[in-house]
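This report describes how parts of a protein model are arranged and which side chains meet. The sequence and the structure are shown first, and the description follows.

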Amino acid sequence: MIKAILIFNNHGKPRLIRFYQYFAEDMQQQIIRETFHLVSKRDDNVCNFLEGGSLIGGSDYKLIYRHYATLYFVFCVDSSESELGILDLIQVFVETLDKCFENVCELDLIFHMDKVHYILQEVVMGGMVLETNMNEIVAQVEVQNRMEKSEVSDVKQGL
Amino acid sequence: MALKIVKGSIDRMFDKNLQDLVRGIRNHKEDEAKYISTCIDEIKQELKQDNIAVKANAVCKLTYLQMLGYDVSWAAFNIVEVMSSSKFTYKRIGYLAASQCFHESTDVIMLTTNQIRKDLSSPNQYDTGVALTGLSCFVTPDLARDLANDIMTLMSHTKPYIRKKAVLIMYKVFLKYPESLRPAFPRLKEKLEDPDPGVQSAAVNVICELARRNPKNYLSLAPLFFKLMTSSTNNWVLIKIIKLFGALTPLEPRLGKKLIEPLTNLIHRALDLLYGMVSKKNLMEIVKKLMLHVDKAEGTTYRDELLTKIIDICSQSNYQYITNFEWYISILVELTRLEGTRHGHLIASQMLDVAIRVKAIRAFAVAQMATLLDNAHLLTGNMQRNGICEVLYAAAWICGEFSEHLENPIQTLEAMLRPKVATLPGHIQAVYVQNAAKLFATVLKGQEGNTDSTAAQETSQLMIDRLPLFVQSANLEVQERASCILQLVKYIQKLQQKDVEVAEEVSALFAGELNPVAPKAQKKVPVPEGLDLDAWINEPPSESESEDEQPKAIFAKEEPKHSRPRHTEVDEKELARRREARKQEQANNPFYIKASPSSQKVYQDTPGVEHIPVVQIDLSVPLKVPGMPMSDQYVKLEEERRQKERAEKKKKEKKKRKEKRSGRGKKQDSGPESEEDITPAHMVDIVTEEMPENALPILILFYFLSVNILLTEMIAFFWPSFKVCDIQGNLQDGSQVVVSVIFENKCDSFLKSMEFNVLDSLNSKLQRPEGSGPHDGLTVPFQLPPGVSNEARFVFTVQSIVMPQKLKGTLTFIVKNEDSSTHEKLDFKLHFTCTSYLITTPCYSDAFAKLLESGDLKGSSVRLEGVNMPFHHLLARICFHHHFSVVERIDSCASMYSRSIQGHHVCLLVKTSGQTVSIDAKCDEPTLLGNVLDEIKQTFSQC
């Protein structure tokens with residue numbers, strides 16, 4: 001199971017947090033800080049998996065992350081997940097973001113956190129991997145965006 | 001008044017959305033907390049509004065603030081309100097907020113049961129989807145109990161999108177409400193075979209999670225998972241299933257056996273990846289790991305697979321990644337210890353290749369091969385293992401050919417003449433016998449220098465004693481060689497008994513070194529005109545050449561021919577076939593140099609080939625490793641060597657970096673920097689794939705001397721002259737211009753795959769077939785044999801025709817010769833003159849007069865000086881080149897008319913007196929007229 005998905009920038013500012021296990025807000029912030037502390041010290045050429053985070057799940061807990069330009073994508077998972085599988089999933093997720101936002105950059109995530117959540121919801125659901133096929137993910141996101149658009153224009157016409 | 005309230009709320013609605021909030025926070029870096037608290041006040045006001053859009057916007061902003069660490073649980077009720085909106089947009093916002101901040105102790109959750117149930121059964125699948133996603137994050141035991149049935153129904157929904165979500169959420173339901181597992185399980189199991197791969201993957205996911213908690217309950221599903229594992233192409237599913245089997249095998253040991261095959265298939269895929277992963281840095285480490293697997297591997301097939309992979313990886317791109325060939329030889333020798341491998345031949349060919357091409361390694365290789373020959377009984381002891389005895393072929397040849405490097409040639413000679421050798425396959429025995437003779441020559445040379453001549457005679461005696469065994473061989477080749485050599489040795493012995501020194505002459509039998517040549521090298525040398533390499537130089541002999549159909553004979557050319565049953569009659573066709581086959585074989589044989597009588601001489605005289613640089617680097621490794629080599633020690637030594645190099649490098653850091661690099665092919669220069677820093681300990685002599693730049697001139701020169709062809713012809717060969725001529729505008733309606741191009745092949749080679757492309761301008765565009773991009777070229781629909789020309793037409797769309805235009809274009813094509821083909825490119829310019837937009841149109845004089853009277857036309861005139869031609873020639877010229885027709889001619893005065901494709905009228909009045917021609921012209925488009933007149937002037941200035 002995936003315990004949490006964290007996206008933060010090179011300074012540790014959260015851009016998206018998604019916990020699949022309840023933590024109070026202050027604890028969530030502490031986990032973000034700890035995770036940032038763990039991954040930001042690492043060179044880009046070292047392993048993308050690490051253990052040792054103490055806050056979630058105790059010993060059965062590992063961090064799998066990827067660093068893209070200014071952003072860290074960190075998946076906190078337990079031992080039922082394969083490291084390489086998750087690493088691939090992060091890539092799928094980022095490629096999907098890139099497709100949905102057309103050359104995604106940190107600013108897209110900053111201003112459209114909600115949209116990023118909606119995309120993520122098509123990839124991971126309740127801590128379990130829902131879909132790994134990028135085309136399928138993008139197709140579902142697009143249909144929902146169209147629905148939203150038509151509803152918004154309905155509201156405007158109604159007024 | 002009422003309108004004002006509505007307006008106020010709309011303003012509010014668009015007052016501050018999520019983006020504005022984010023922007024505001026970014027603009028208030030100093031007092032962020034204060035700014036956010038005012039925002040929260042605003043949000044609280046917004047939540048009090050009745051307008052659901054305003055509420056949803058407020059909740060969306062709260063979700064953002066929650067990420068920053070603010071507790072927003074106080075708005076839980078508003079979130080539920082937004083969740084129950086009938087609009088998908090707001091519902092989604094509500095569920096997102098709920099999934100971020102609801103948890104088991106959020107008391108409003110119990111208010112949501114009915115709303116969620118309603119959403120689950122919504123006709124809109126995305127309402128259902130959003131509800132399932134939200135629920136997966138905040139499902140409580142109560143919700144699980146109340147909704148389990150609804151969700152179970154959704155597992156059979158018609159839409160796969162809903163099915164996969166419902167299947168996945170069942171795991172959460174099972175966790176919160178374990179009683180639901182038993183009734184739901186059959187349906188879950190059914191979903192393992194759902195036609196939709198997404199649903200299948202979700203079911204696998206859920207069962208794997210369940211099995212992790214309690215594996216033995218899921219053993220019965222093993223066959224189903226096994227089937228999935230062999231059929232699924234989804235990596236995610238495969239990973240999950242393998243993890244599941246990891247949990248199941250301890251409980252059911254029989255599973256392990258079943259898993260071997262599919263798992264090795266996966267491993268093979270991984271092995272393929274390795275091929276691309278190696279670099280100079282990690283090659284030794286990777287091969288070391290693979291060797292460990294070789295030792296551990298149980299199945300022969302898998303071990304053979306590993307063996308070929310190791311050799312593939314090491315030999316790829318001309319041993320590009322090998323920095324230490326001693327290490328590689330050691331690896332090869334270690335591989336010979338594999339039992340029952342089928343790849344003895346592969347190992348042998350690698351040994352030969354390395355020993356021949358890496359000169360620096362020969363001494364080491366010879367020592368290793370001598371050890372192999374000495375221990376041959378270990379390899380051949382078991383006839384089951386005879387696949388590996390192929391390496392003895394290589395060992396014997398290397399020891400014979402490079403016998404000057406042998407420490408103890410007599411011992412090796414002995415080893416090669418042991419009676420046990422006679423049990424080896426014939427082709428190997430033949431190499432043994434031949435190379436025993438080479439060794440014999442070397443031994444004699446060493447012994448004759450001594451004062452004691454008996455040693456030399458004893459060696460001869462040894463040969464005479466042992467060879468008869470081979471003379472009796474059933475294998476013809478062995479028999480023939482042995483008897484030949486036996487007679488020779490007997491003769492030598494006679495001479496020795498007369499105290500004649502023979503060593504020099506015996507060695508001369510095997511003098512001269514074999515020089516490798518890149519297989520493509522010969523192809524780069526064109527066959528000059530008038531030279532027919534297939535023609536017989538002498539009268540063709542009555543018998544045919546032997547048909548060398550011995551795929552295993554690596555050095556068939558080098559060994560003496562033996563007689564074959566003779567064919568007396570061979571028809572033309574058969575000869576041609578053989579000629580072709582021979583050519584083919586020669587082309588493929590890297591050691592074969594096409595012989596023409598003069599080239600042979602040049603070859604021997606030219607020092608060039610000998611002087612391909614072989615970098616000698618002091619070896620920090622001992623040249624003699626006692627017994628069988630251990631490749632591991634090289635890994636260590638290599639590290640030391642690199643460290644030493646690095647240290648040296650630091651010292652020389654100021655010096656040019658290039659000096660450190662070996663000046664080999666381009667290939668290495670393009671590697672990553674860290675790669676380049678590793679200098680190889682030995683160099684491969686010839687790069688087979690890409691010719692080293694400096695080798696080409698040598699070979700060309702070599703042909704120059706022999707057949708005397710001119711440099712200009714050479715250049716013509718590489719740069720075939722090619723002409724695009726005669727670009728004519730053919731005009732049709734409106735804005736289309738058809739350009740016919742005549743292609744003429746003026747070179748001696750076959751031209752094919754021609755592609756015509758023009759860089760479009762704003763005004764003129766080449767018409768391309770539908771679906772092709774604006775920069776795609778058009779394929780010319782024919783090929784051109786030498787000297788042939790053909791015409792192709794291209795259609796252009798032109799918008800404005802009043803100005804002339806030049807378009808740049810390129811023609812790409814492949815020049816094909818008998819044995820090579822090059823890709824070439826030709827740039828050209830396509831000139832659209834204004835004239836080319838004119839169409840010859842007849843016009844009657846009364847219509848012409850009317851046109852001039854209408855007053856719509858603007859005038860212009862031009863004078864041509866020094867035109868020395870009859871008036872009717874002049875008119876004909878204008879008609880022909882500029883598409884005019886003569887309306888009326890009176891003496892030395894004529895009126896002419898033409899029309900553009902876009903309907904412009906062009907009228908000319910041409911008068912001549914002496915050598916001066918004056919043209920008064922009228923047209924409804926002055927720019928066009930000006931350009932046409934310029935072009936007419938141009939035409940006459942050229943004559």
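Across all chains of this predicted model, the count of aromatic pairs comes to 13. One of them joins A:Phe8 and A:Phe36, whose ring centres are 5.6 Å apart and whose planes stand at 85°, so this pair is edge-to-face. A:Phe8 belongs to strand S1 (residues 2-9) of chain A and A:Phe36 to helix H1 (residues 25-40) of chain A, so the pair ties together parts that are 28 residues apart in sequence. A:Phe8 and A:Phe36 are both buried.

In chain B, the rings of B:Trp327 and B:Tyr328 have centres 6.3 Å apart and planes at 35°, so this pair is tilted. B:Trp327 has a relative accessible area of 2% and is therefore buried. B:Tyr328 is likewise buried, with a relative accessible area of 0%.

Ring pairs also build a cluster in chain A, which links A:Phe8, A:Phe36, A:Tyr65 and A:Tyr72.

**Chain A as a whole**

Chain A contains five helices and seven strands. Along the sequence, these elements of chain A follow the pattern β-β-α-β-β-β-α-α-α-β-β-α. Of the 159 residues in chain A, 56% are buried.

**Charges over rings**

In chain B, the charged end of B:Lys44 sits over the ring of B:Trp74, at 4.9 Å from the ring centre. The other case involves both chains: B:Arg92 lies over the face of A:Tyr118, with a distance of 3.8 Å to the ring centre.

**Salt bridges**

Side chains of opposite charge can pair when their charged atoms come close. Over all chains, the count of salt bridges comes to 31.

| Residue | Partner | N to O distance |
|---|---|---|
| B:Lys91 | B:Asp119 | 2.8 Å |
| B:Asp194 | B:Arg163 | 2.9 Å |
| B:Arg418 | B:Asp374 | 3.0 Å |

For the salt bridge between B:Lys91 and B:Asp119, the partners lie in helix H6 and helix H7 of chain B respectively, so the pair ties together parts that are 28 residues apart in sequence. B:Lys91 and B:Asp119 are both buried.

The salt bridge between B:Asp194 and B:Arg163 links distant parts of the chain that are 31 residues apart. B:Asp194 is in the loop between helix H11 (181-190) and helix H12 (197-213) of chain B, whereas B:Arg163 is in helix H10 (residues 160-176) of chain B. Both of these residues, B:Asp194 and B:Arg163, are buried.

In the salt bridge between B:Arg418 and B:Asp374, the partners are 44 residues apart and again link distant parts of the chain. B:Arg418 is placed in the loop between helix H23 (409-416) and helix H24 (426-448) of chain B, and B:Asp374 in helix H20 (residues 362-374) of chain B. Are these two side chains buried or partly exposed? B:Arg418 has a relative accessibility of 29% and therefore counts as partly exposed. B:Asp374 is also partly exposed, with a relative accessible area of 23%.

Salt bridges also form a network that includes residues of both chains: A:Asp60, A:Asp78, B:Glu209 and B:Arg212 are linked in this way.

**Further sites in chain B**

B:Thr939 is found in helix H37 (residues 926-941) of chain B. Its relative accessible area is 12%, so B:Thr939 is buried. The side chain of B:Thr939 is joined to that of B:His882 by a polar contact of 2.6 Å.

B:Tyr432 lies in helix H24 of chain B. With 2% relative accessibility, B:Tyr432 counts as buried. B:Tyr432 and B:Cys399 are 33 residues apart in sequence, and their C-alpha atoms are 9.8 Å apart in space.

Which residues form a nonpolar patch on the surface? The patch consists of B:Phe77, B:Met110 and B:Leu111, which together have about 360 Å² of accessible area. Of these residues, B:Leu111 is located in the loop between helix H6 (88-101) and helix H7 (113-120) of chain B.

Technical notes:
Residues numbered from 1 in each chain as written. Chains lettered and ligands numbered in written order. Predicted model: local features only at pLDDT ≥ 70, side-chain atom pairs only at ≥ 80, totals over all residues. Heavy atoms only, no water. Patch = residues over 30% accessible without salt bridge, like charges linked within 9 Å, V, L, I, M, F, W, Y side chains within 5 Å. Areas by Shrake-Rupley, 256 points an atom, 1.4 Å probe, with all protein chains shown as cover. Salt bridge = Lys/Arg side-chain N within 4 Å of Asp/Glu carboxyl O. Helix = DSSP H or I, 4+ residues; strand = E, 2+ residues; numbered from the N terminus. Phe/Tyr/Trp six-rings, centres within 6.5 Å; stacked < 30°, edge-to-face > 60°. Buried < 20%, exposed > 50% of the residue type's maximum accessible area, 1.4 Å probe, protein only. Lys NZ or Arg CZ within 6 Å of the ring centre and 35° of its normal. Polar contact = N/O pair within 3.5 Å; in protein donor to acceptor, adjacent residues only side chain to side chain.
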